[in-house]
Amino acid sequence: MTSATDPRALPVSPRLIATDLDGTLLRDDKSVSDRTIAALADAEEAGIEVFFVTGRPARWMDVVSDHVHGHGLAICANGAAVVDLHAGGKVIEVRPLERDTALDVVRTLRDAAAGTSFAVETTTGIHYEPYYPPFHADPGATVAVAEKLLREEEPGSGAPVIKLLAHHPELTPDGFLTLARTAAGELASFTRSSQSALLEISGPGVSKASTLALCCAERGISADEVVAFGDMPNDVEMLTWAGTSYAMGNAHPDVVAAASGRTVANNEDGVAVVIEQILARRLEHN
């Protein structure tokens, strides 16, 4: 593995930068540093597209909405939604988790891990069970058992489900992820980004990587022309897919193993460090 300061790790002519937000682009206080803001703007000015690729839903994108340039698009909910930040976070593409499939996942996880509680993230908001920890309380949320939250009054009714969340109060985060993938991995895509035992569940084949690949294909951009950054297990597929990838200094061990390079931690502006070096190298070759 190469480091951010090793010129061998730097592509000469990347066309797209894909970066996770929490624990990666954002500092721990959820701010975007002045250095990072400048680096993102410089990359766009140099003709390199920037995609924010995050597990966050569209309604939590205000933290970076002022710093998106060019196309204005972001990939949210671990690849389940593409949103237009220039249009206030309007969802323009959805790769949903079908409600019947989500119900199968709920039943399977209840059997495999007693004590699991669920939340349902849709394109219009989040709803959760009574015992689910409301990490970000939403006054518009419906509180009910998952089976009721996922039931449609009639076929086709209800906003698309973009993510099912599952929390366990006792299991370790990685242990819960392994158990869920073993029990229900054929039904849906399972990942995690929280420090707690909180799983994020998407439709089969839906991930940051697969949606990013679709967005790149629309632009004629190959994986070799992409530089990606991440810190948690929900970034692993994206870092593996991208031609050049960086694990943050604060990254999960699985992320470090998946990335081709490593940069400094999010609180040290690790994404900006690499972008600055890429742009400097590009100048050297012009």
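Asp269 sits in the loop that runs between β14 and α9 (270-285); helices (H or I, at least four residues) and strands (E, at least two) are DSSP runs numbered from the N terminus. The model is predicted, so local features need pLDDT of at least 70 and side-chain atom pairs count only at pLDDT 80 or more, while totals for chains, interfaces and linings use all residues. Residues are numbered from 1 along each chain as its sequence is written, and side-chain values use heavy atoms, with hydrogens and water left out.

The phi angle of Asp269 is near 60 degrees, a positive value in a residue other than glycine. Most residues other than glycine have a negative phi. Asp269 counts as buried because its relative accessible area is 8%; buried means under 20%, exposed means over 50%, and partly exposed lies in between (1.4 Å probe, protein chains only).

Ala77 lies in the loop between β4 (73-76) and β5 (81-84). With a relative accessibility of 1%, Ala77 is classed as buried.

## The chain as a whole

The chain contains nine helices and 14 strands. Its C-alpha atoms fill a box of roughly 60 × 35 × 35 Å along the principal axes. A compact globule of 286 residues would have a radius of gyration near 19 Å, and the value for the chain, 19 Å, agrees with this. The radius is taken over C-alpha atoms, and the globule rule is 2.2 Å times the number of residues to the power 0.38.

Of the 286 residues in the chain, 53% are buried. A contact means heavy atoms within 4.5 Å. Among contacts between residues at least 6 apart in sequence, 58% join residues at least 24 apart.

## Surface and charge

The chain exposes about 12,100 Å², and carbon and sulfur atoms supply 51% of that area. Accessible areas come from the Shrake-Rupley method with a 1.4 Å probe, and for residues only the protein chains shown count as cover.

There are 22 positive and 40 negative side chains, and the centres of the two sets lie 1 Å apart. Lys and Arg count as positive and Asp and Glu as negative, whereas His and the chain ends are not counted. Each charge is placed at NZ of Lys, CZ of Arg, CG of Asp or CD of Glu.

The structure holds zero disulfides. Cys215 is in no disulfide, and the nearest cysteine sulfur, that of Cys216, is 7.0 Å away. A disulfide is a pair of cysteine sulfur atoms within 2.5 Å. From the side of Cys216, the closest cysteine sulfur is in Cys215 at 7.0 Å, which is too far for a bond.

Cys215 is buried, at 4% relative accessibility. Cys216 is buried too, at 1%.

## Two partly exposed loop residues

Ser260 belongs to the loop between α8 (253-258) and β14 (261-262). Its relative accessibility of 33% makes Ser260 partly exposed. Ser260 and Ser245 are 15 residues apart in sequence, and their C-alpha atoms are 5.2 Å apart in space.

Val145 is placed in the loop between β8 (125-128) and α4 (146-149). Val145 is partly exposed, with 43% relative accessibility. Apart from its neighbours within four places in sequence, Val145 is in contact with Glu129 and Pro130. From C-alpha to C-alpha, Val145 and Phe118 are 7.9 Å apart, and 27 residues separate them in sequence.
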